[in-house]
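Dear colleague,

I am passing on the structure we spoke about, with the sequence alongside it. Please have it open while you read the notes below.

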Amino acid sequence: MFDISPAEWTAVLLSLKVGLVATLVATPFGIAIAWLLARYHFWGKSLVDAVIYLPLVLPPVVTGYLLLLTFGRKGLVGGWLADHLGLVFAFRWTGAALACGIMSFPLLVRPIRLSIEAVDRRLEQAASTLGAAPWKVFLTVTLPLALPGVLAGMVLGFAKAIGEFGATITFVSNIPGETQTISAAIYTLTQVPDGDAAALRLVGVSIVISMIALVTSEWFARRATQRMHGT
Amino acid sequence: MLHVDVFKKLGDFTVEVQFTGEGRVTGLFGSSGAGKTSLVNMIAGLLKPDRGFIAVGNEVLDDTLSGIHIPPHRRRIGYVFQDARLFPHLSVSQNLHYGRRMNGVAHDHAHQDRVVDLLDIGQLLMRRTGQLSGGERQRVALGRALLMQPRLLLLDEPLGSLDSARKAEILPYLIRLRDEAGVPMVYVSHDPNELRRLAAQVVVIKRGYVAAFGDADSVLAEIAPQFVD
C-alpha cells in the first residue's frame, strides 16, 4: 500500500515543485496587494478586491481556459513572453505553477491583509518619529508584525496550489513528468482499471501534505497573537 | 528655541496656537481634548498644519507659505507617547537602538551607558517588552527617544497612564533628564504639579487656543493656585 512507485513519486515531487514555485513567486505580489488593500482607499478598490477573489468563485475550467487564451503560445501575453523572454507556459510545468499561483492567490492574500490590518498604526507613527522612512517602517515594523500572517497565507496558498486541478489541467494538460501533478495523477488513475491502489496511495500523500499545511498555518496564526503582545 | 504658530481644522475642532518656547522645558497644559496632542503631533510632523510655521532653532520644519513640510522621519524629534509604543516584536535593547539605527548614528557606547544609567534600565535590556511594567515601559520609551540624539524631545503625558506611585517613580528621572541630557523638551500634561516641577515656561491650551503663556510659576499660580506654594 505504501510502496509508492517512481511514477507516483514524480507526480508528488512535481506537485511540490509547482506548489513551491507558485507560492514563492506569488508571495511578493500578495504582500504588495494585501498592503494596498489594507492601507489605502482608492478608486476601483472593490474592483481589485473582486478580481483577486475571482479565481475562488469562477469555475476552475474557466480560469484555465482564460489562461490558455492569454498565456498560450498564440495568446497575447504568452506569445510575447515566448518571443522576447523565451518563457513558455503552455504545456509546461511553469504553466502549472502559473495556474496554481493564480488559483491560490486569494487564499494567500487574505491572511496577509488581515494581519497587516491588525498592525497598530501608532507603532508605525512611533517608528517614523524615530527616523524611519516609510519603506523602512514597512520593513522593520509592519512586515515583521504581520509575518505570521504572511507565513500562514503562504502555507494556505501552497496547500491550495498543490491540490489545484481544474485550471491546471485545462491550461497545461496532463503530461506525466511535466504537468501531471498529484491531482491529475489521481484523476488518471481513477480512469484506468486496477488504478485504485495507486490512487489511494496518492490520496494518502495529499491528505498528509494538506494536514501538515493546515496545522502549520494554525501555528503561525497563534504566533501572530503572541508577537503582537511582545511575549 | 521652538517657534510654533499653527492653524489646523480637525472636523469641528480648531487648533490655533502661537508661542515661542525658550527654556529647557516648555510645558503644555490643558484638559483632555484641549488639542495638546494634535499640537504635539504637528511639531513631530505626524500632522500637517493647514496654515502656519514651526521651527526648532534655526531650522524650519513647517512653513505653509513656502510649502515646507519636513516629514517626521527627517525631523529628528524624539517623541515619547503616553502609551510608550514600544515595538512588541523587538527586545528592549533592540527598541533602544531602533532610532539610532534608523538615523544612521554610529554606536556611541558612552552615550548609551549614560542614557541607560540615567533611566536605570540596564537590567531590562534583554527582556521582551510584554514583560515590562508600565513605569519600565515609559523609561525604555524615553531611552529610545534619547538614543537617537534628538534635537527636541516631545513628551505627551508620559505619566498619564501610570498610578501615583509609578508617577513618583518616574518624575525624578524626568528631572534628571532635564538637568543632564541637554535636550530641550516639550512636556504635555494636565497635572499642574508635574509642570511646576519640570517646566520653565507653560503654555495653557483651552479648546484649541492659547489661554495663557509665560513663566511656569506665575501661569500656574493663575490657573491652579492650589498647586503653588
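In this predicted model, helix α3 (residues 109-119) of chain B and helix α4 (residues 134-147) of chain B pack at an angle of about 155 degrees, with 10 Å between their axes. Since angles over 145 degrees count as roughly antiparallel, α3(B) and α4(B) are therefore roughly antiparallel to each other. The crossing in which α3(B) passes α4(B) is right-handed. On the α3(B) side the residues involved are Gln112(B), Val115(B), Val116(B) and Leu119(B), and they meet Arg139(B), Leu142(B), Gly143(B), Leu146(B) and Leu147(B) of α4(B). Sorted by class, this contact of α3(B) with α4(B) comprises six nonpolar, two polar and one charged residues.

Turning to chain A, the buried residues of helix α9 (residues 182-190) are Ile182(A), Ser183(A), Ala184(A), Ala185(A), Ile186(A) and Leu189(A).

As for the contact between the two chains, 19 residues are taken from chain A and 21 residues from chain B. On the side of chain A that touches chain B, the elements that give two or more residues are α6 (121-129), α7 and α10 of chain A, and the largest share, six residues, comes from α6(A). By class, that side of chain A has nine nonpolar, seven polar and three charged residues.

With best wishes

Key
Residues numbered from 1 in each chain as written. Chains lettered and ligands numbered in written order. Predicted model: local features only at pLDDT ≥ 70, side-chain atom pairs only at ≥ 80, totals over all residues. Buried ≥ 20, exposed ≤ 12 C-beta atoms within 10 Å, placed from the backbone. Helix = DSSP H or I, 4+ residues; strand = E, 2+ residues; numbered from the N terminus. Contact = placed C-beta atoms within 7 Å. Nonpolar A, V, L, I, M, F, W, Y, C, P; charged D, E, K, R; others polar. Axes fitted to C-alpha atoms, helices over the stretch in contact; angles between N-to-C directions. Parallel < 35°, antiparallel > 145°, perpendicular 65-115°, else oblique. Left-handed = near helix turned anticlockwise from the far one by under 90°.
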